[in-house]
Amino acid sequence: MILLTVGMQLPFDRLVGAVDRIAVELDEEIFGQIGDGSYVPVNFAFRRAVAPAEFEQKVRESRVIISHAGIGSLIVAKKYAKPIVFFPRRAALGEHRNDHQLATCSQFEDRIGVYVAYGESELREHLKAKNLSSPRDEVSEQSRFELIENIKSFIGSL
């Protein structure tokens with residue numbers, strides 16, 4: 001299953017519409033938490049709001065998460081080892097007060113398991129890919145440091 005979440009603060013009709021159009025090309029269930037926008041999807045199941053426990057269950061069932069570029073969504077994706085596709089809101093399109101979501105994307109788009117779609121065609125490509133990496137696959141700096149220290153210790157003991 002593909003899980004779409006737009007957050008609960010602002011509508012995001014551009015993203016909901018893009019997923020709705022792409023849905024007919026996919027042989028996969030999609031569920032969306034779509035907030036209070038005016039666009040009503042016809043090609044996937046949705047609810048405007050989802051209770052936290054149910055949302056967590058949807059995350060667990062999902063193959064990939066599509067989200068506005070929210071840090072909370074990234075944390076959830078990493079916690080449950082789900083690839084995430086960011087589709088940032090844009091101030092120029094009236095979707096947010098500034099372009100901090102573009103800045104978020106630029107900071108995380110090189111991370112394993114984080115994919116960025118700046119438009120519908122990129123979103124389509126990511127959703128059609130079946131081999132997306134999980135953000136949990138990324139090795140943390142702390143883990144690297146500990147590995148290096150363990151190797152140094154081992155070599156020193158020889």
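## Strand E4 and its neighbours

In which sense do E4 and strand E5 pair, and over how many bridges? In this predicted model, E4 and E5 (residues 84–86) pair in the parallel sense, with three bridges between them. If you look for Ile 66, you will find it opposite Val 85 in E5. Helix H3 (residues 71–79) belongs here too: together with E4 and E5, it makes a right-handed β-α-β unit.

E4 also pairs with strand E1 (residues 2–5), in the parallel sense and over four bridges. Here Leu 3 has Ile 65 of E4 as its bridge partner. Strand E4 (residues 64–67) is covered on both faces: Val 64 and Ile 66 are buried on one side, and Ile 65 and Ser 67 are buried on the other.

Let's follow E1 to strand E2. These two strands pair in the parallel sense over four bridges, and Leu 4 has Gly 32 in E2 as its bridge partner. To get from E1 to E2, the chain passes through helix H1 (residues 13–23) in a right-handed β-α-β crossover.

E2 runs parallel to strand E3 (residues 45–47), joined to it by three bridges; Phe 31 stands opposite Ala 45 in E3. Both faces of E2 (residues 30–33) are covered, with Ile 30 and Gly 32 buried on one side and Phe 31 and Gln 33 buried on the other.

## A look at His 126

His 126 sits in helix H5 (residues 120–128). Its relative accessible area is 17%, so His 126 counts as buried, the cut-off being under 20%. Leaving aside residues up to four places away in sequence, His 126 touches Val 85, Tyr 115, Val 116, Ala 117 and Leu 132.

Key: Residues are numbered from 1 along each chain as its sequence is written. This is a predicted model: local features need pLDDT of at least 70, side-chain atom pairs count only at pLDDT 80 or more; totals for chains, interfaces and linings use all residues. Side-chain values use heavy atoms; hydrogens and water are left out. Buried means under 20% relative accessible area, exposed over 50%, partly exposed in between (1.4 Å probe, protein chains only). Contact means heavy atoms within 4.5 Å. Two strands pair if DSSP finds at least two bridges between them. A crossover is right-handed if, with the strands pointing away from the viewer, the path from the first strand over the helix to the second runs clockwise.
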